[in-house]
Every structure is written in C-alpha cells, then in structure tokens.
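Work through the exercises below with the sequence and the structure in view. Try each task before reading its solution.

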Amino acid sequence: MRITGFMIISTTLPKIRRRARAGFTLVEVMISATLASFVLAGVLSSFLMLGRSGTALVNYTTMDTQARRALEDFAQDVRMATNVTWTSETSVTLTVSDNYTTTSNKVTYAWDNTSGSATYHYFYRKPGEASSTATKTTYIANVASFAFSRYDRLNAPASSDVSTKRIQISMTIATSSQTVVSATDSLVSASFILRNKVAT
C-alpha cells in the first residue's frame, strides 16, 4: 500500500473466488436415468414390433408364392388334360397328353395328410397314378385342410369322372413361428376347365 496525502490506495488485487467444479446432483442423475430407461424401452418395443411384423410379412409372402406356383402348374395341367380320375376329395389324377410320357401321360395332384407335422401336411404333384411311387414335388408345405371340388359343364356338382368338366381347389395354409402369431390363409381357386376333355 502506499499513502498519498490523505488517501490510502491499495495496490493488491482483490481475491478471486474459485468457481466450484460443475457436476450433477444425485437427483439429476436419477431423473436422467429414468428418462433414458423410458426412451430405451420405447426403442426396444418398436424394434421388437418391427421384427415381428417383418416375420409375419415373410410368412404371408411365402404362403402366397407357394400357392400361386401350385395353382399355376395345376391350372396348366387341367386345361391340357383329356381325362380325369377322381381318387378322392384330396387326390386327382389327370391324363395330360405329351407331358408325362414316361407315366402314360398321367400326373397326380394330392394332399398328403399322413406326412408333415401333426397339424400341417403337404400339397404335391407326382408323375403317374395315385398309387405311383414316383418322386413327389411338394408345392405347399403347411396345408391344414384341403379339398378338390368337381363340376359338370353346367357348373353343377359332378357325380362321375365322365361328367367332370371343371375342378376347383380349396385349402387353408398356415405357418407358425415361435415369436409371432401363426399366419393363416384360406384359399379358394377359380374352377379350372378341362378344355380338351369331352364331357357329357
């Protein structure tokens, strides 16, 4: 310090208080942790929901693709067939000229309700008669129920192979996954006309 006249002038600088270090209180940490938990729970729920929706979509797409392929091949053979043998409501043998020469031009479409799981069975095609031991081509793997329907040329239910002019398929396809609800699709096809078959 120095004294000049009657005034005392201080040459020392005032002490500057150190600012306390910045930090979070316990309450702030608990609140932010709670909010973060809610956000993470929402994100996780959305992720699981999207995953389940994607799995269900894949199941339905697979069923649709299998059914479309099966119906296209069946329709082609029916339209070219010159004769039909009605084995049962779940098995039909068609005579298709020049397509299945090694099996007397015969091909069988059927629902195998003895194989597969306890609930779902296969819709398949195989060359030859229904009793043939030829290799089967599986079209749809998860068929819960299946039936062929036959009609005459006037679209009335046919009572014999001779009067059969149209064939229709109805089935229920189902797939199941561990993480999603079972996807089920009921299908009724158009009635396919045996164009090359003479019906009375």
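**Exercise 1. Find out how Arg150 and Asp161 are placed, and how they are joined.**

Step 1. Arg150 counts as buried, because its relative accessibility is 15% (buried means under 20% relative accessible area, exposed over 50%, partly exposed in between, with a 1.4 Å probe and protein chains only).

Step 2. Asp161 has a relative accessible area of 26%, so this residue is partly exposed.

Step 3. The two side chains meet in a salt bridge, at 2.9 Å from N to O (a salt bridge is a side-chain nitrogen of Lys or Arg within 4 Å of a carboxyl oxygen of Asp or Glu).

Step 4. Helices (H or I, at least four residues) and strands (E, at least two) are DSSP runs, numbered from the N terminus.

A note on the model: it is predicted, so local features need pLDDT of at least 70 and side-chain atom pairs count only at pLDDT 80 or more, while totals for chains, interfaces and linings use all residues. Residues are numbered from 1 along each chain as its sequence is written, and side-chain values use heavy atoms, with hydrogens and water left out.

**Exercise 2. Locate the other salt bridges found in a search of the whole structure.**

Step 1. The search finds three salt bridges.

Step 2. One of them joins Lys136 and Asp112, with the closest N and O atoms 3.2 Å apart. Lys136 lies in the loop between strand 6 (121-127) and strand 7, and Asp112 in strand 5; this pair links distant parts of the chain, 24 residues apart.

Step 3. Asp112 is buried at 12% relative accessible area, whereas Lys136 is partly exposed at 39%.

Step 4. Another joins Arg68 and Asp64, at 2.5 Å from N to O. Both residues belong to helix 1 and stand four residues apart, about one turn of the helix. Arg68 is partly exposed at 43% relative accessibility, and Asp64 is partly exposed at 36%.

**Exercise 3. Is Lys197 buried or exposed, and what surrounds this residue?**

Step 1. Lys197 is found in the segment after strand 10 (192-193).

Step 2. Lys197 is buried yet has no salt bridge. The nearest side chain of opposite charge, Asp161, is 7.7 Å away (Lys and Arg count as positive and Asp and Glu as negative; His and the chain ends are not counted).

Step 3. A polar atom of the Lys197 side chain lies 3.0 Å from the backbone oxygen of Thr164.

Step 4. Leaving aside neighbours within four places in sequence, Lys197 is in contact (heavy atoms within 4.5 Å) with residues including Ala81, Val84, Asp161 and Thr164.

**Exercise 4. Describe the largest nonpolar core.**

Step 1. The largest nonpolar core has 31 residues (such a core is a set of buried Ala, Val, Leu, Ile, Met, Phe, Trp, Tyr and Cys residues joined through side-chain atoms within 4.5 Å).

Step 2. Phe74, Leu94, Tyr109, Phe123, Ile140 and Phe148 touch the most other members.

Step 3. Elements giving two or more residues to this core include helix 1 (26-80), strand 3 (81-88) and strand 7 (137-151). Helix 1 gives the largest share, seven residues.

Step 4. Beyond four places in sequence, Phe123 touches, among others, Tyr109, Ile140 and Phe148.

Technical notes
A polar contact is a pair of N or O atoms within 3.5 Å; within protein, one must be able to donate a hydrogen and the other to accept it, and residues adjacent in sequence count only if both atoms are side-chain atoms.
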